[in-house]
Amino acid sequence: MGKNIFFCLFVGLYGVKAVAQQHNFAELMQCHNSSEAPGMVVRLEQSGKHIYSGAVGLANIDTERPLNVDDIFQIGSVTKTFTAAAILKLSEEKKLSLQDTLEQFIPDINPEFRYLTIDRILSHTSGLPDYLGEPSVSKIYDKYASIDLVIQSISKQPLNSESGKKYSYSNLGYVFLGKVIEVASDTPYDQFMSNTFFKPLKMDNTFVITKGTSAGKVNGYTTSRNEPKKYINPEDSTERQWNVDRSWIYSAGAIASTLADMHLWQNALKSGHVISKENYKLMTTKALLNNNSHVDYGYGLDIYKISGLDSFSHQGQVPGFFAWHVYFPNEDLTATALTNIDTKHPGPALLDMIALQLNLSPKQVNSQKAKALAASLVGSYRSSDSKILNISFENGTLYSQYEGENKLKIIPRENNSYSYECTENYFQLRKNNGKHEIVPVYLYQGEQDALVKLEL
């Protein structure tokens, strides 16, 4: 469903235990999660080698059934990658062209949408609005509806902009693409996906949820702002209308899958076994706007650098579930995290594991090197918003403390760097124009504004 950027989550602290070993992924999983709450499952694979799979948390709070790595999760908008690949597959079979218009497949579509082309819809550059949060739709999307009724109900808003003018994420567009697939293939969307992708690739635990809200044994949960530790069923939420029959999400976010199946998919997709390598290149190439500028999205994939590395990814959220699937082409690393709690993005935990695997952050150091770092680091620093950070060295341990806030333990690292517990985001001591400064380096956001040391 909706696209939720999660970079703001990476600046926080998670858990209370330090990650003692560089590749102790299990300990890092525990650092980010509780075994007594909804949790997550994670898998990393590199160059055809399975690196790690793990699960932490409960699949069902009432029965206390724990999550396991083979559980089926709803992947939300990661579905869009599958839908985009299906469109490209049909183009290879000459059943459609990417320059075809919506009108050719949905004749009674909103007149404003008639001449929008498939390629623009694939890249979210068509100018289509979104339908999530539309009051008239929210009142009825708790009940099953046919795809034609769904399209009729969600197609009444005007365009946001001229086609090709800007990037604007639209679930509406990907619902339309599901209908295009049905018309072009003369097969229901769920059957087409199964016959074309899931069965041939032996993705035996992957399917489209066509009705209801459940995909099996894993319960999805949500929380409220006032009670973040109280886990409730999404349909019981009083903060938002969060009971959504998956028929309304359809080709924009209604697929359920497992960690193993997602990696079968990625391996087949990148190798040309799903669509041609030429079409895969189209998926992984940034779309071009009318003014010749690029957007960070191709066909069904986000395309941007993470810690300076090229990546193709998608995240997904539906009521009760959150997912992030990312591939680093130059490192040939695939990483997937799936959760059964929709208010906790799996990105921070997964990105910490990626950082460990790819050595993206400085390594932790021994006590002797920690003393050397302390000699340079101890002092007071002013942030760009004039907050004062005090760093101290007490009984062999470094601490940082903003004025009026709690004292936090520092984990010393190589290259004059440090981090806090349970995160691979780090801070680096540097000298700039004769002044010492601390530069925050976040894995997702990159370098942030420096804190300047107050000289005595």
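Visitor: What is T222 in contact with, leaving aside its neighbours within four places in sequence?
Guide: This is a predicted model, and in it T222 is in contact with K230, Y231, I232, N233, P234, S237, R240, W242, I341, D342 and T343.

Visitor: Is T222 buried or exposed?
Guide: T222 is buried, with a relative accessible area of 0%.

Visitor: And where is T222 found?
Guide: T222 belongs to the loop between β6 (207-208) and β7 (255-257).

Visitor: Which side chains does a polar contact of 2.7 Å join there?
Guide: Those of T222 and D342. There is also a polar contact between the side chains of T222 and R240, at 3.5 Å.

Visitor: Switching to aromatics. How many aromatic pairs are there?
Guide: The count comes to 14 aromatic pairs. One of them is F82 with F198: the ring centres are 6.0 Å apart and the planes are at 70°, so that pair is edge-to-face. The pair links distant parts of the chain, with F82 in helix α2 (residues 79-92) and F198 in helix α7 (residues 189-198), 116 residues apart. Both F82 and F198 are buried.

Visitor: Why is the pair of F197 and W265 edge-to-face?
Guide: Because the planes of F197 and W265 are at 70°, and anything over 60 counts as edge-to-face. Their ring centres are 5.2 Å apart. Here too distant parts of the chain are linked: F197 is in helix α7 and W265 in helix α8 (residues 259-270), 68 residues apart. F197 and W265 are both buried.

Visitor: So what do F82, F197, F198 and W265 form?
Guide: One aromatic cluster.

Visitor: Which rings have the charged end of a lysine over them?
Guide: Y144 has the charged end of K211 over its ring, 5.4 Å from the centre. For Y399 it's K407, with its charged end 5.4 Å from the ring centre.

Visitor: OK, strands now. What is the order in the open sheet of 6 strands?
Guide: The order is β2-β1-β11-β10-β9-β8, with antiparallel pairing. The edge strands are β2 (49-56) and β8 (302-306), each pairing on one side only. On average, neighbouring strands are turned by 15° against each other, direction ignored.

Visitor: Which helix packs on the sheet, touching β1, β10 and β11?
Guide: That's α8, whose direction makes about 35° with that of β1. Helix α10 (residues 347-358) lies across β1, β2, β8, β9, β10 and β11, and runs at about 25° to β1.

Visitor: How many residues of β11 are buried?
Guide: In strand β11 (residues 333-339), 7 of its 7 residues are buried. L333, A335, A337 and T339 point one way, while T334, T336 and L338 point the other way. In a regular strand the side chains alternate between the two faces of the sheet.

Visitor: What does β11 pair with?
Guide: Strand β1 (residues 40-46) pairs with β11 in the antiparallel sense over 7 bridges, and there E45 has T334 as its bridge partner. Strand β10 (residues 321-328) is also joined to β11 by 7 bridges, running antiparallel, with F328 opposite L333.

Visitor: Which residue takes a positive phi in the hairpin of β10 and β11?
Guide: D332, with a phi near 50°; that hairpin has 4 residues between the strands.

Visitor: Last one: over how many bridges do β8 and β9 pair?
Guide: β8 and strand β9 (residues 309-318) pair over 5 bridges, in the antiparallel sense. I306 stands opposite L309 there.

How values were computed:
Residues are numbered from 1 along each chain as its sequence is written. This is a predicted model: local features need pLDDT of at least 70, side-chain atom pairs count only at pLDDT 80 or more; totals for chains, interfaces and linings use all residues. Side-chain values use heavy atoms; hydrogens and water are left out. Helices (H or I, at least four residues) and strands (E, at least two) are DSSP runs, numbered from the N terminus. Buried means under 20% relative accessible area, exposed over 50%, partly exposed in between (1.4 Å probe, protein chains only). A polar contact is a pair of N or O atoms within 3.5 Å; within protein, one must be able to donate a hydrogen and the other to accept it, and residues adjacent in sequence count only if both atoms are side-chain atoms. Contact means heavy atoms within 4.5 Å. Rings of Phe, Tyr and Trp (its six-membered ring) pair if their centres lie within 6.5 Å; planes under 30 degrees apart count as stacked, over 60 as edge-to-face and the rest as tilted. A charge sits over a ring if NZ of Lys or CZ of Arg is within 6 Å of the ring centre and within 35 degrees of the ring normal. Two strands pair if DSSP finds at least two bridges between them. Axes are lines fitted to C-alpha atoms, for helices over the stretch in contact, and angles run from 0 to 180 degrees between N-to-C directions.
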